[in-house]
Structure formats: C-alpha cells, structure tokens
Amino acid sequence: MSHSSTQEQQVVSAINERYNILILKRRVVLAMLSLATIGAIVATFLHRLQPHPRIVYLITPPLLAIALLILLIRLYKKPESLQQVIHLSILAGVLFVVVPSWLYTLKAIYLRYANAIASSDTTLVDSLPPVTPALFMLTLVMLIALRRRQQLVIATLVAWIAIAAPILTYLLLYPQELLTSRGLDLFISLGPTMGIQIVLILFYNRVQDMVERLYTERLQYYAQIAERQAIRQKAMEQAFTQIHNGPLQTLALLLRDVQREQIPSEQLFQRLNDLNAEIRAVGRSFTDEAHPEPQKAAVLAIKETASFEQILRLGEGTCIDLNRPLHNLLYEVYALTLKRNLPYFQTIKVKVRNFAPLEETTLTWEMKRDLCLWLEEALCNVGKHALGTTRIVVTGQHHQGQYILKVQDNGAGLKPGQGQEGTKQGKVLAQRLGGQFRRESLPKGGAICELSWFVE
C-alpha cells in the first residue's frame with residue numbers, strides 16, 4: 001500500500017509540475033506584454049515631442065500599445081487563452097516590425113529612382129528605424145512561447161525573411177550604403193548573426209524535445225506502475241471477498257458443527273477436503289491455470305467475450321459475466337447462493353424474490369461486482385446464522401428516487417457482534433454509491449440487511 005501510494009504521489013507531482021510550468025509561462029507572458037505596452041506608450045509620447053515626427057512614428061506606437069493592452073487584459077481575465085494570446089502577440093509584433101522594414105526600403109528605392117538623394121536622411125541606412133533589436137526580441141519571445149518545434153522554426157524563418165529580406169536585398173544592390181557603419185551593422189545583424197541564432201534555436205528545440213520526451217516517458221512509467229498497483233490491490237480485495245464468501249463460510253460451519261456434536265472422522269475428512277478444494281479454486285481464479293470441471297467450458301466461454309475485470313467468481317465457484325444487466329446478475333447470484341449447502345437454507349419454505357430493472361448508466365463493472373458480492377454475503381449470513389427461518393424476502397425496488405436492495409428473513413435475529421466485517425464492508429459500499437446501509441433485527445423477529453442509493 002505504501003509503495004502504491006508513493007507511485008500515485010509521483011504521478012500527481014509530475015502533473016503538478018506541468019501545471020506549475022503553465023502558470024510560470026503565463027506570468028512571463030504577462031510581464032513581457034506589460035513591458036512591451038509600457039515601451040509602446042513611452043515611444044508614443046517621445047515621438048509626439050519631436051519637432052517634425054514622421055507620420056509612421058505617430059501611428060505605429062499608439063496602435064501597438066492599444067493592441068498589446070487588449071491582449072494583456074484578455075490574458076489576465078482569461079488564463080485559458082494563453083496560447084491564443086501568444087500567437088496574436090507574435091503576429092502583432094511581426095506586423096509592426098515588417099511594415100517599417102518594407103516601407104522604408106521601398107521609399108529609399110523610390111527616391112533613388114526619382115533622383116531625390118539631396119539630403120542624407122533619404123538613404124535607407126540613415127532613415128531606417130531600429131528593427132534589429134525588435135527582430136531579436138521577437139525570436140526570443142517565440143523561443144519562450146511557442147510549444148512545438150515545427151511551429152517555432154517556421155515562425156522564426158517567416159519573421160526573419162519578412163523583416164530582413166528587403167533590407168538585405170537593398171544593401172546588396174547598393175554597396176555604397178552597405179559599406180557604411182550602419183550598413184555593415186544591419187547586414188551582419190540580419191544576416192550571419194540571425195542565421196547563427198536560428199541554428200541555436202534548432203539546437204534548443206532538439207534539447208527541448210528530448211527533455212519533453214523523457215518527461216512524458218517518466219509520467220507514463222509512473223502511471224503504469226500506479227495502474228499495476230491498483231490492479232493488484234483490486235485483485236487482493238476480490239480474493240479476500242471470495243475467500244470470505246466461500247471457504248470462510250464453510251470453515252465457520254465446520255467449526256460450529258465440531259463444537260456442537262461429534263463428527264465422524266470420515267465426514268470430517270470429506271468436509272476438510274471440500275474446504276481445501278474451495279481454497280484452491282479461489283487461487284486458480286486469479287491465475288492462468290485451467291478451471292476444474294464441470295465449469296471449465298463455461299468459464300472459457302465467458303472469457304472469450306469478457307476480460308478479467310468483467311468476470312465475477314462467486315464463493316461457490318461459478319463465474320458470471322458482469323456485462324449483463326444488474327437485475328439479471330442479482331437473480332443469478334440469488335439462485336446460485338441459495339443452492340449452497342448452508343444449514344438454514346434447508347428450513348426455508350417461502351422464498352420471495354423480485355429485482356426491478358435498473359438504468360445502469362452510472363454503474364461500473366466494479367460497482368456491479370461489489371453489489372453482487374454484497375448480496376451473496378447477505379444471503380450466506382441468512383443460511384449460516386438465521387436460526388429457525390422459514391421465509392426469506394430478497395428484493396430490489398425503486399422508491400422515491402432510490403434503488404433499495406433488501407434481504408430479510410424471519411429467523412432468530414442478529415446476535416451481538418455478529419457480522420461485524422460484513423457490516424463494515426456494507427457501509428463502505430454505501431459510501432461509494434452515495435447511499436445508506438442498515439442491518440438490524442426486526443421487532444417481530446428476523447433480521448433485515450438493506451442497501452439503498454440514489455439513481456438518476
């Protein structure tokens with residue numbers, strides 16, 4: 001149990017790590033959007049203070065500030081829109097950098113062809129805004145924000161080509177501007193330096209893919225271990241229930257008969273031999289060994305259409321398929337259990353049985369298994385303890401939005417301390433179903449064992 005709990009904690013820890021990464025990523029994006037918004041607002045005011053600002057400087061910064069502010073508010077109010085905000089932010093950044101790059105390049109080409117190079121500010125190297133820092137900032141944001149390697153590589157290449165292509169082409173066509181200090185700076189920054197950065201991004205993505213793959217494998221490994229532990233735990237619980245409803249019932253009767261009367265050695269040997277067979281049958285039901293005749297063919301037929309989790313083995317050895325409707329399963333458990341050789345089943349003269357059909361949209365195989373085992377144990381308690389019983393009532397009925405499963409007899413009633421283990425299991429099952437369990441003696445004699453839960 002402690003090992004299983006540790007593995008489950010590791011799975012939860014791994015999931016929490018991923019959740020914390022998402023929170024950290026959102027905070028980083030919020031901080032970057034805040035700084036970018038403040039920068040755009042400051043740029044707007046600075047350009048307004050210039051004596052003769054260019055029209056592009058009066059339009060671009062305020063539009064960028066408004067766009068970033070809208071994205072910032074959206075991400076703050078709706079954290080689930082993180083990836084959408086990232087994509088829109090990158091798109092806005094690329095557009096607001098691409099437009100000046102193409103605009104000033106085309107303007108410089110136009111002025112050259114129009115022979116209007118009288119002043120130095122008409123050259124590209126003198127009039128172009130600082131697009132290089134913006135391009136590097138965009139690639140850094142992409143590196144942090146974009147999740148998939150293919151997305152990042154394509155986005156980086158598109159941004160680089162869209163921003164750098166017109167400038168680099170212009171500088172190659174006009175070497176006199178390329179050989180200036182600003183021209184060389186632009187060429188080196190947008191050419192070789194940017195190429196090296198893209199190579200580093202590819203390398204980073206390879207490393208990130210490896211880390212992500214190792215992280216996913218670790219999470220799957222922990223999940224598989226936790227699943228195996230859960231399967232083992234369920235198998236142990238099933239084994240305990242089968243032993244409780246089968247061999248332990250036989251052993252309890254044998255001990256009581258030995259205490260009450262002298263049993264001949266041949267009869268005692270036969271009953272011990274039967275008990276040994278029951279215990280071995282329980283063990284075989286959890287292994288791949290062949291089931292003993294005559295139930296081998298029936299069990300194999302069930303296994304062809306149902307997995308181990310869908311099969312229930314009753315204490316007397318019969319295996320039933322849990323894929324069937326619940327009321328049919330309850331009837332089969334009732335019929336098979338009352339055939340068992342328990343002393344007070346022999347005195348029953350009146351048997352009342354009715355199981356109403358139940359909508360099973362919320363019932364899992366595990367719930368069906370537990371309900372069938374609960375009914376088996378309740379019936380075995382009647383056969384083993386209900387002294388003098390002549391009448392048994394076993395019903396499953398709808399009442400005021402509940403399904404009530406009841407086993408009632410007219411025997412001697414419950415003795416102090418009787419059936420404590422079954423009562424404990426019944427309360428646990430009722431809690432899982434969100435219902436109630438009661439087991440008590442009746443005023444007019446007999447006992448009632450009842451399980452009820454709300455149904456849709």
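Reply: The account below begins with the chain as a whole and then turns to the core.

This is a predicted model, in which local features need pLDDT of at least 70 and side-chain atom pairs count only at pLDDT 80 or more, whereas totals for chains, interfaces and linings use all residues. Residues are numbered from 1 along each chain as its sequence is written, and side-chain values use heavy atoms, with hydrogens and water left out.

The protein comprises 14 helices and seven strands (DSSP runs numbered from the N terminus: helices are H or I of at least four residues, strands E of at least two). Of its 456 residues, 42% count as buried (under 20% relative accessible area, with a 1.4 Å probe and protein chains only; exposed is over 50%, and partly exposed lies in between). Where contacts (heavy atoms within 4.5 Å) join residues at least 6 apart in sequence, 69% link residues at least 24 apart.

The largest nonpolar core has 40 residues, and Leu-375, Leu-379 and Leu-451 are the ones that touch the most other members. Such a core is a set of buried Ala, Val, Leu, Ile, Met, Phe, Trp, Tyr and Cys residues joined through side-chain atoms within 4.5 Å. At least two of its residues come from each of the helices α12 (326-337), α13 (365-385) and α14 (420-433), and likewise from each of the strands β4 (391-399), β5 (402-409) and β7 (447-454). Helix α13 provides the largest share, nine residues. In soluble globular proteins, nonpolar side chains tend to be buried together.

Leu-375 illustrates the packing. Leaving aside neighbours within four places in sequence, Leu-375 is in contact with Leu-330, Val-333, Tyr-334, Phe-355, Val-394 and Val-407.

Helix α13 itself is mostly covered, since 18 of its 21 residues are buried. The end C-alpha atoms of α13 are 30 Å apart, which agrees with the 30 Å that its 21 residues should span at 1.5 Å a residue (the expected span is 1.5 Å times one less than the number of residues).

The protein also has a second, separate core of 36 residues, including Val-85, Ile-90, Tyr-174 and Leu-186.

Pro-100, in helix α3 (residues 82-113), is buried, because its relative accessible area is 9%. Not counting residues up to four places away in sequence, Pro-100 touches Leu-95, Leu-128 and Pro-129.
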